[in-house]
Amino acid sequence: LANSTEGLSLSDTGSSGILGLSFPRTAALPGDIGKSLLENLFAYFDDDHRYFAFKLDHMSANSSLSIGQLDQVIANSTDGFAYTPVYIGPSTSPDYWKLSMHAITVNGSATFTAFSPSRIPGSPTPVAVLDSGTTFILGPSDDVDAFWTAVGASRKTDDGQWQVRCNRAASVGFVLGNEQSKREYVVDPADMSWAGNGLSDGWCMGGIQTSNSVSAYVLCAARPRF
């Protein structure tokens, strides 16, 4: 449990602490002091079991985190795993869980393949960061604007946030991975809108919002409800 934090507003969301499972390069613990939690955990597993799996459900009682094995309630085999190298870029070691992104699909059709130029040096495609602690999917404003325009039943507020009709059930997928391993990962339509934040009259917050301050798309595995 965290005794104190700065700039995270954990108490406002009812959280007791925060746990980072990124790579040593971006760990809060300096390498000359000790190993990161992820390094210590993976040291006990062989190559076939060096993974962690999580599910962030709409109901917290159904959420799950497992390390080195699968939650049998969710899956009992790793046969469906897709293996792809983490995008490293110009560095020699990984920092975040990054994958190349080739397309965004809407209802099974490849809707977006011509994205804004990547801001990651040397990357021919946009790069997606898999981040379970992000409430919304974030991306460049031009791309997000084009996405919601194509989805329809949406509107942009004066402060730049996108809203969508709550009954607009769009099945959105992200094609991630390198050329050899890329595959589509589909988001539950229920996670493409959020009825919170004081909205009414059938309007919801869109699950994808703009952020030009990030250099990569930020994808959440599931959008937790606070």
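Predicted model: local features only at pLDDT ≥ 70, side-chain atom pairs only at ≥ 80, totals over all residues.
Visitor: What percentage of the residues count as buried?
Guide: Buried means under 20% relative accessible area, exposed means over 50%, and partly exposed is in between (1.4 Å probe, protein chains only). The protein has 226 residues, and the share of them that counts as buried is 35%.

Visitor: And what share of the contacts links residues 24 or more positions apart?
Guide: A contact here means heavy atoms within 4.5 Å. Taking the contacts with a separation of 6 or more, the share from residues 24 or more positions apart is 62%.

Visitor: How many residues are in the largest nonpolar core, and which have the most contacts inside it?
Guide: A nonpolar core is a set of buried Ala, Val, Leu, Ile, Met, Phe, Trp, Tyr and Cys residues joined through side-chain atoms within 4.5 Å. In soluble globular proteins, nonpolar side chains tend to be buried together. The largest core here has 23 residues, and those with the most contacts inside it are Met 101, Ile 104, Phe 147, Trp 148, Phe 174 and Ile 208.

Visitor: Let's zoom in on Ile 208: which residues does Ile 208 touch?
Guide: Leave out residues up to four places away in sequence. Then Ile 208 touches Ile 137, Val 144, Phe 147, Trp 148, Trp 162, Phe 174 and Met 192.

Visitor: How many cavities of 30 Å³ or more are there, and how much space lies in the largest cavity?
Guide: Rolling a probe the size of a water molecule over the atoms shows where empty space is left. On a 1 Å grid over the protein atoms alone, a cavity is a set of points where a 1.4 Å probe fits but cannot get out, and lining residues have an atom within 4 Å of a point. Grid points are joined across faces, edges and corners, and a volume is the space filled by probe spheres set on the points. The count is one cavity of 30 Å³ or more, and the space in the largest cavity is about 50 Å³.

Visitor: Which helix gives the most to the lining of that largest cavity?
Guide: The lining includes Phe 147, Trp 148, Val 151 and Met 192. By class it has seven nonpolar, one polar and one charged residues. With three residues, the biggest giver is helix α2 (residues 141-151).

Visitor: Is Gln 163 buried or exposed, and which side chain makes a polar contact with its side chain?
Guide: Gln 163 sits in strand β8, and it counts as buried because its relative accessibility is 7%. A polar contact is a pair of N or O atoms within 3.5 Å; within protein, one must be able to donate a hydrogen and the other to accept it, and residues adjacent in sequence count only if both atoms are side-chain atoms. At 2.7 Å, the partner is the side chain of Arg 155.

Visitor: What is the phi of Asn 107, and where does Asn 107 lie?
Guide: Asn 107 is not a glycine, yet its phi is positive, about 55°. At 45% relative accessibility, Asn 107 counts as partly exposed. Its place is the loop between β3 and β4 (109-112).

Visitor: Last one: how many Å separate the C-alpha atoms of Thr 26 and Tyr 96?
Guide: Thr 26 lies in the segment before α1 (37-42), and its side chain reaches the backbone oxygen of Asp 95 at 3.0 Å. Thr 26 and Tyr 96 are 70 residues apart along the chain, but the separation of their C-alpha atoms is 7.4 Å.

Methods
Residues numbered from 1 in each chain as written. Heavy atoms only, no water. 1 Å grid on protein atoms, 1.4 Å probe; cavity = no way out; pocket = protein on both sides within 12 Å on 5 of 7 lines; lining within 4 Å. Helix = DSSP H or I, 4+ residues; strand = E, 2+ residues; numbered from the N terminus. Nonpolar A, V, L, I, M, F, W, Y, C, P; charged D, E, K, R; others polar.
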